[in-house]
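Me: Please take a close look at one part of this structure for me. I'd like one connected account, with the cut-offs spelled out.

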Amino acid sequence: MDGDDGDADYDELVIHCRRLVCNSATRDLPTQSEFLQNRLRWSTRSYMAGTPSSPVQMIADQGKWLMNRTGRMQRPLASKEALQMNPNQALWEKGDFTRIAEGMRESGETLVETLGITKGLKVLDLGCGDGTTALPLAKRGADVLGVDIARNLVEAGNKRAKDQRLINCRFQEGDASNLHELEDHAFDLVVSMFGAMFAPKPFDVAKEMVRVTRPGGRIVMGNWIPGDPTLVAQILKISSSYSPPPPEGFISPMMWGVDSNVIERFEGAGIPKERISLVRDTYIFNLAGPPSELVNIFRKYYGPTMNAFEAAEKNDRAGDLQGELEVLFNSHNKSPSKDATSIPATFLRVTVRA
Ligand SMILES: C[S@@+](CC[C@H](N)C(=O)[O-])C[C@H]1O[C@@H](n2cnc3c(N)ncnc32)[C@H](O)[C@@H]1O
């Protein structure tokens, strides 16, 4: 690779960049000498599909570029990339929650039946997954927006709504900690079944849920309860005992299952305690297969359990984790058949009058 080729490549890059306009936040592009030094390394970047015809082509293909006021080349830090750095999003995109959700559909329907849905009610389903509650809400005539941080689940939800011809149900990407894309008081009802509880910054989450609910509207949350002896709380407890300690300052999602925390968080969002109701309710996890098969589904597709297995494998403890989960799932199975699974799990049902 001689210097002339490098100059030509760099000139081509600069010309390409000048043609492009970008309004987003930007990240520095290398100077010419950095470009030349790194050219070989860039040309083998593994995330590029196929072999680029030249380093310039490869870099240009990655997105829009521009020259900043100091003459340095920059490229946009697209929102997609920014979100890829969000560990909360990475956790839920790592697995495929649709595989767990398939066993929760019946409970989703049952829950929605209790919500008094009327035609045209504006509903936000927050942390909606692939629509276990959003679709039944829409089937009852509500105008439903599902918001979820995981792009694979947003896509799956939109596909399910399309397949079922529910034009009053759509899904989009968003973070329950910051719903800046949604207007104040836009919804009559905000539902979040085991969704918003997983978002960071719980006080912000409560504020955002209250902000987007119209005065007089409702918020309904389902939250797993720490220390509860039933399925999901125990899966999360066992999984965390095999996982590395969380980063400092991490607030466990399970804290949303403690009455006093829920009250404190909604009080922080301006809701008096008298307008918050807290009751125990049940979801059922079903599978047309034995409990061990459901353990395998969690192992392969449920982010928190996947992480626990990864950590356990490093310590040669994956067998122990599998064993503990199989004992748990088998002992909680209420199906009369050994070849089928039906496991109830208790949750805290929170209803807030906004
Ligand atoms: C246990 S699943 C429940 C999904 C769905 N509500 C259901 O009942 O099937 C948790 C969901 O919360 C979503 N989630 C996690 N953190 C979130 C956040 N910060 N903002 C929005 N959604 C989030 C996950 O992507 C996932 O879909």
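Reply: Gly270 has a positive phi of about 95°, and its place is just after H12. Helices (H or I, at least four residues) and strands (E, at least two) are DSSP runs, numbered from the N terminus. Keep in mind that this is a predicted model: local features need pLDDT of at least 70, side-chain atom pairs count only at pLDDT 80 or more, and totals for chains, interfaces and linings use all residues. Residues are numbered from 1 along each chain as its sequence is written.

H12 itself covers residues 259–268, and Val262, Arg265 and Phe266 are buried in it (20 or more other C-beta atoms within 10 Å of a residue's own; exposed means 12 or fewer, partly exposed in between, with C-beta atoms placed from the backbone). Down the axis of H12, these buried residues fall within an arc of 95°, so they line one face of the helix; the arc is that of the directions from the helix axis to the C-beta atoms. They pack against helix H10 (202–212), strand S9 (276–287) and S10, where contact means C-beta atoms, placed from the backbone, within 7 Å.

The buried residues of H15 are Leu321, Leu325, Leu328 and Phe329. They cover an arc of only 90° around the axis, which puts them on the same side of H15. Gly319, Gly323 and Ser331, on the other side of H15, are exposed.

Key
Contact = placed C-beta atoms within 7 Å.
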